[in-house]
Amino acid sequence: MKPTEFVKVNSQFWGEHLKEAAGHLPVSHRTELPGPMLFPRMMVLTETPDWNILELVGLSREYRSLEVRRQKAAGVEEYFGIGDGRTVVANLQGQNWFKDATITTDAGKSALEQRFPGTANMLGDVAAGPADELLRFAPGNYSTFDRALLVHTAGESLRAHWVFFALAIHRSEPADKYLDFLRNYSNASPHLDPIGTVSLPVDPAVLKADAFESTYLAHGLQDSTVDEFLDKHESILLSAFDATKLIRQPALGDLHPDFILERADGSHVVGRLELPVVDTVNGKKRRRVFRTPVQDSATELARSAEYLANPENRSQVKSKYDVDITDPRQLVIVASQETVTPAPGVEIIDYDTILRIHLAATA
């Protein structure tokens, strides 16, 4: 299937499918749904030499026509950030379906339990193992990730990504067979739980807050300063990270990470927003641009951790911000539709995943 055919088939199917679901389920069946229904807002279509990949991203309180983003990647491994391990959690042969599931290494599962306790309500069926690679694809297969949490670990690096809906299909598969697959998969799903949507048992008031929108949906994001972003999303960050305190743009000598979170267990997270927010430098506003995504932020966070390893520096921080920080986690928040490369010692999470963990914690 050519990439142009892949775009055409997905645009046709998802446009009709989601529009139909939004047209009657939240109205005629609202009392039968577990809670409010959420929809994606962007369709990311990725072309590799051997694979076509679809992913739906964005968490929206209402359905709107999906915007389309087309991109290229060197391979399916690059897209999913898999790596070249010798042992694998899920060896994908033939057709594979993961629905309301978590795919993780044993190390990733342990990290989730410790770092994101709210995920306990969203793990679903767990595929885990003592592996150093998460997924391995084979030619000719369909691999579907339907509301799945993917947790990659590489040494001390962690990448957590909640997939609303993603599908990888070998380019050798014809368009008509792919369309039949989508229709059959959709028809096999419960009527009140159509693919590409999620209904959650949460208070609708939680979703009415202005902060409930993915970074993709926040069209004014590029005009927001770091402080404005943190002010708007503070409650969600506190909830997702089981934190009790947020310190905005602390001064660590000449270093200025975007925030520090103090968690309920007394541990800390030093974080940076790798988002197109606005930095104010010498009174001038400038939108953030990263020449080497994640690596730039990882370097800055490593310097912050090194600063906090000094007892005298730590004492000054405690005196100024009333936090005693030892061995903090290093975190980078990325845009939900970005493909990223892990960096040593750094936790990477996208904003849609933070929203999903927040909703799980409040359910």
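Thr-46 lies in strand E2 (residues 42-47) of what is a predicted model, in which local features need pLDDT of at least 70, side-chain atom pairs count only at pLDDT 80 or more, and totals for chains, interfaces and linings use all residues. Residues are numbered from 1 along each chain as its sequence is written, and side-chain values use heavy atoms, with hydrogens and water left out. Helices (H or I, at least four residues) and strands (E, at least two) are DSSP runs, numbered from the N terminus.

Thr-46 is buried, with a relative accessible area of 2%; buried means under 20% relative accessible area, exposed over 50%, and partly exposed in between, for a 1.4 Å probe and protein chains only. Its neighbours by contact (heavy atoms within 4.5 Å), not counting residues up to four places away in sequence, include Trp-51, Ile-53, Gln-71 and Tyr-79.

With residues up to four places away in sequence left aside, Thr-353 touches Leu-149, Ala-160, His-161 and Trp-162.

| Side chain | Partner | Distance |
|---|---|---|
| Thr-46 | side chain of Gln-71 | 3.0 Å |

Rings of Phe, Tyr and Trp (its six-membered ring) pair if their centres lie within 6.5 Å, and planes under 30 degrees apart count as stacked, over 60 as edge-to-face and the rest as tilted. By this rule the count comes to 15 aromatic pairs. Trp-162 and Phe-164 form a tilted one, 5.3 Å centre to centre with 35° between the planes, and both residues are buried. Elsewhere, ring pairs link Phe-13, Trp-14, Tyr-142, Phe-165, Phe-181 and Tyr-185 into a cluster.

Phe-181 and Tyr-185 are among the buried residues of helix H4, together with Ala-175, Tyr-178, Leu-179, Leu-182 and Ser-186. These residues cover an arc of only 155° around the axis, which puts them on the same side of H4; the arc is that of the directions from the helix axis to the C-beta atoms. On the other side of H4, Asp-176, Asn-184, Asn-187 and Ala-188 are exposed.

How values were computed: Polar contact = N/O pair within 3.5 Å; in protein donor to acceptor, adjacent residues only side chain to side chain.
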